[in-house]
Amino acid sequence: MAEERKSVLRLENITKKFQGLTAVDDVSFDMKERSIYALIGPNGAGKTTTVNMITGVFPPTTGKIYYRDRCINGMKTFEIARLGIGRTFQNLKLFNSMSVLENLMIGGHEMTKIGLVNFCFNFGGSKKEEILLRERAEEVMEYLGIQDLAKRNVKNLSYGRQKIVELGRAMMTGPKLLLLDEPAAGLIPSERKEFVDIVLRMFEEGMDIFLIEHNMDVVMNVSTYITVLNFGSRIAEGTPKEIQSDPEVIKAYLGDKYQEIAAKERRD
Amino acid sequence: MKRFTSLFLALVMAVSMLAGCGGSDKKKETEAPKETAEAEKKEEQQDTKAETEAQKESESAAAADDGDTITFGLSCAITGNFPLAGERTLQGVQMAVDEINAAGGVLGKKLAFIYEDDGNDPTQAVTVVTKLLNEDICGLIGPHTTTNYLAVQELAGQAEIPYITGGSGTKIAAAGNKYGFQCRPSDGMNGIVAADFAVKELGAKKVGVFFNNNDFGVGGRDAVTAELDKLQVEYVTLGHNSGDTDMTSQLMQFISEGIDTMILWTDDAEDVVVARQAYELGLEADVITSAGVVMEQVLSQMEPEYVEGWYSVTDFVPANDDPVVAKFVEDFKALYDIEPELYASAYYGAVKFLAAAIEKAGSDDPKAIRDAMAELKDVEGPTGTLSCASDNTLIHSCVVTQITDLKPAVVNTVTADFE
Amino acid sequence: MKEKKNVKIALLAALFVGLIVFPIVDKNTYHQLALAQTLVNVIIVLGLNFITGLTGQMNLGTAGIMALGAYSGQLMVQKLGMATILTIPVAILMGVIIGYALGYPSLRLKGVYLSLTTIGFSEIVRLVITNWADFTGGTTGVQNIPALNLFGLKLDATWKLTVFLVIICAVLVFTAYRIVNSKYGRVFKAIRDNIEAVEACGIDVAGLKIKAFTLAAIFGCIGGCFYGFLMTYLNPTQFTQDLSANYLLMMMFGGIGSVPGSVIGATAVTLLPEFLRFTKEYYWLIFGIITLLFAIFLPYGFISLFQKEKREEAGIFKILNDRKGKRKNAGVPKSGGMR
Amino acid sequence: MSFAMIMQLIISGIALGFIYSMVSIEYTLIFNSTGLLNFSHDKLIMLGAYAFAGQFVLRMGCGYVVATIATVLSMFITGILIAKGIFNPLRNMASPIFAVIGTVIMGRIIKELCRIIWGATAFNIPGFMKGTFKFGSIVITRANTYIIIVAVLLVIALQLYFNHTKSGKAMHCVQQNKTAATLMGINVSQNINITIGISAVVCSIIGILVISLFSVSLTMTNMIGIKGFAAGVIGGFGYFPGCIVGGVLIGILENLSTLVIPSIYKDCVAFVLMIVFLLVQPKGILGHKK
């Protein structure tokens, strides 16, 4: 790990106040290239607020966000997404009136070049572009193993399948950094395992992953580096092993009562 | 691919629907050949021309066989936002036709009419008149109001069928359409008569001209202001939109300008609002209005004191001792037990004029009838004698009336000279 | 699959030829006028389909768009002596201007608020045209509009204009069909379903909303321009709220969001009153009742008769299904309409 | 323009403004509970006027009070029929467009029915709410004073109803989240039926009050229908006291605008204001809900 890896995502003293309530309080961290970086913390720790600031949903009150050393404060959501940040949503935002294939093709929409006026006159070009887009979508579906669902309407699929479709759509935008907002939530163990395998496979192929997750066993055996938030401020940072034994983290998750019981047991 | 079938179905439906709507009485003939023509198209055979040709003959044949009647078209507003005019027009025309047929019809043939509803909307007027022009008619009693007349005048001009409208706007004569006739005094004349009456009879020093911003009101305003300029009398003009329900601001401006006479040129609904608010705001001024106010259905909406002493330049008043008018009022009351008013009398006169023209022309060929109409003089009608002037206006006299206790009485009749 | 597609193309071509032949052969100007009016309405409804059908933004200002499309061209012809053929590019330019003028509020407003803005826009356009009498001719309107002359070929008779309209309408239907079934149609529908997700895919939603409004305004203005030539007379009283509602009715009657649906809807709602004219006094009431029954029992329109899953979502078929108690395709969640 | 004249303009502006307020109250009721706009509300007002004047007073000759009660009852039932027929089947569709179209068609049918049943002639009730009150040189018609009184009473009653009665609070839940409301045991469609019934009653009251001002005709409510929307938006969408403020503001500004711009542009004022407010301040002056 000697050579200096470039920083992918750097937050410097980010604070966010909502009319007096400080959701995120002076958080800084630096995500390096080639890593699965996890942001964990109990409910209401400010994880989703942080993600919303990164993706430009609302600007931070103070502090700077850098993506590959380029300040993205105040940029619009779609401008940030175009820089190569794909994301999935905590509460599954899919296009319910369309099929799986169409959902994925929307993901790739930005890659197509033909403008509206050009489209009306250029018959061949737009046909070719459409076929190209369709093929890319089929490739991603094969990669994710959902090619047989292509024609099915998204709203009729099971929750696990829908999560994978949303992941597929994020991949279609050709991201370099993938933001996963609680991907394992609501999945049954077999689906969770399948999801983790896909994420690991993507990581090996060069995709950096920024993970927001509750589920400890997913976080602990997947991520390379973890930051823990509690009540909006950073309480710990480090590799999964360090985090597991860090007293502050245990207190934050299991509350101080557990601390006393553990101490009592050690004493007896 | 399902979408393709539905797209195809849509266009097939369009064509078959079109075929179907060739007028109710001809439904059977056009329906059958059209369908077969349609079927043939599907198998790409090219003899569609022959098929629709056959259907064409059957259509004109149907019109010729009922040779013993002469039909004319009538377009009036039964639905839409002016339905009252349509109803009264229909009653007036029906009565005239029945009377003519009772007296032996025209050229020995029965007079009949087909009527369509134009909903007092220019778009529907064009559609309806096109439909009527395709029937075998010798004349058309046109859509009422100046707006609809202007929408239709090019159409009727091309079809070379004479048509008479009850619109009174100055733009009608100005359009100068050879085939268009105006069976009500044009606002040009009414406006001048109103202005003269205000200045000469009532000694107006400062006149307030309150006009409806539609073509009827604007036409009236221009005529009145032109006459007032000639008479060098000071005037103030203010407008309101049709359908306006609050005239306070305009009336307040009139009061603050200190006008002693107000000339009001607007439609029925606005007349009522102005009358009420002028009385409430205490406008002390003689008022002369355009034709609509004296109609029974307008007066019934008002309290007597609102319009006490108002004058109105109109062409028809039921309480008129002229024998022709009195007889018409009686017959109308006997038939429909309501008093006839402007629209019924105007279009009654128009039918009588059309019948007289057919008699004079001696045939039901529209061009001949038009030429006959151009020279026709002195046809007796409830709204005065109809005689055609060079600008195709038929009525050249109007009546100045005064309203006392909601009863309009004739003050004097003015007959303008015409060439 | 291949030969099924060819048969459809052949049928459509036959229909196109049929529509071209029909006005030439059938001398009855009433039929020609009815066909021309249907085609004008089809063009306008196609435009409306882009915003209200696909992106789901309520537009009740179609009358205002049509008025500007019609008046802009004709006033140029009358006041500046411009050639009549140029009214079409002027209408397209006016469409782009309206696209931005109406597109901008659509970025900030949604649903009911947007529909009120479009109503306001349409009313202001009508009032300005009515009251700015010396430029627009006010309530006397624009009279005797000259015939459209295409580089010398004067379309003075109704049937000539109708034939030209059939060609223009066919081109626009084809273009609209291509747009709706392309990436643009798809992304418009995506905006209707979930805006945040579209933004997360790096798509500039604001730009697309304005594109949708511009497309609708261009189609609307072209329709308005031909409406002017067809009627040979323009008057502000024609462009009322009722007219805008009529276009929404056409789109819904045929089927919201689909091009064949818009064509069927425009044809049916334009010709139905003509059909019912023989009932003289009550034709408008009967027309109202038929459209109301359609609106309630077949809300997804005529086209939904061909799309199974759309059909079962609402209206008479849903009621029948619920009563029968069996849910044909198991995938549909039990709660049915509650989405 | 003397001071007294301007005062008269303001007073009659307020008087007319309250009509717009009443109209915006009536459709806010429906908007509050279904989130949809009832585009046939102006035709319902006309129906109320026709029922009261045409049917009960002129044809059946009953006294004003009896006629009012009869009109209110019949309109309540009409409102529920409309709710059952149009609003409930169409309200949980994907987009509000379906219900909007349903109400527009309903409006057309009502207008045609009025024309066929009560005829096309415009008519009035002689001596109904005639006369004016004079304060020095300022004049205000009796009808307008009744409208102001009824409007204020209505707002107070509706505020109390919405905030302090069980079914009133239920309406709040129905508006915010229909699924949750059902889970809480509120019969949503029945609640909406009542709301639209009340709204139809308010329509009929407006209809009765404006008879003496506009007289009963098929086009009596065209203008106030659309301006009612403007009043709601400017005052504060979905908030009753806001409707009063919005309506009065439009009434006054319209009248005063004639001092500055030609009187024919009076109607544009309401629409320009509406669009400005929609863009700049969508929640209106008093409104606190977006």
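In chain B, strand β3 (residues 140-141) and strand β4 (residues 163-165) run parallel and are paired through 2 bridges. Two strands count as paired if DSSP finds at least two bridges between them, and the elements themselves are DSSP runs numbered from the N terminus: helices are H or I with at least four residues, strands are E with at least two. Across this pair, Ile141(B) has Ile164(B) of β4(B) as its bridge partner.

This is a predicted model, where local features need pLDDT of at least 70, side-chain atom pairs count only at pLDDT 80 or more, and totals for chains, interfaces and linings use all residues. Residues are numbered from 1 along each chain as its sequence is written, chains are lettered from A and ligands numbered from 1 in the order written, and side-chain values use heavy atoms, without hydrogens and water.

Let's step back to the whole sheet. It is open, with 5 strands in the order β2-β1-β3-β4-β5 (chain B) and parallel pairing. At its edges lie β2 (110-117) and β5 (180-182) of chain B, each pairing on one side only.

Axes are lines fitted to C-alpha atoms, for helices over the stretch in contact, and angles run from 0 to 180 degrees between N-to-C directions.

| Helix | Strands touched | Angle |
|---|---|---|
| α5(B), residues 122-134 | β1 (69-76), β2 and β3 of chain B | about 150 degrees with β2(B) |
| α6(B), residues 146-159 | β4 and β5 of chain B | about 170 degrees with β4(B) |

Methods: Contact means heavy atoms within 4.5 Å.
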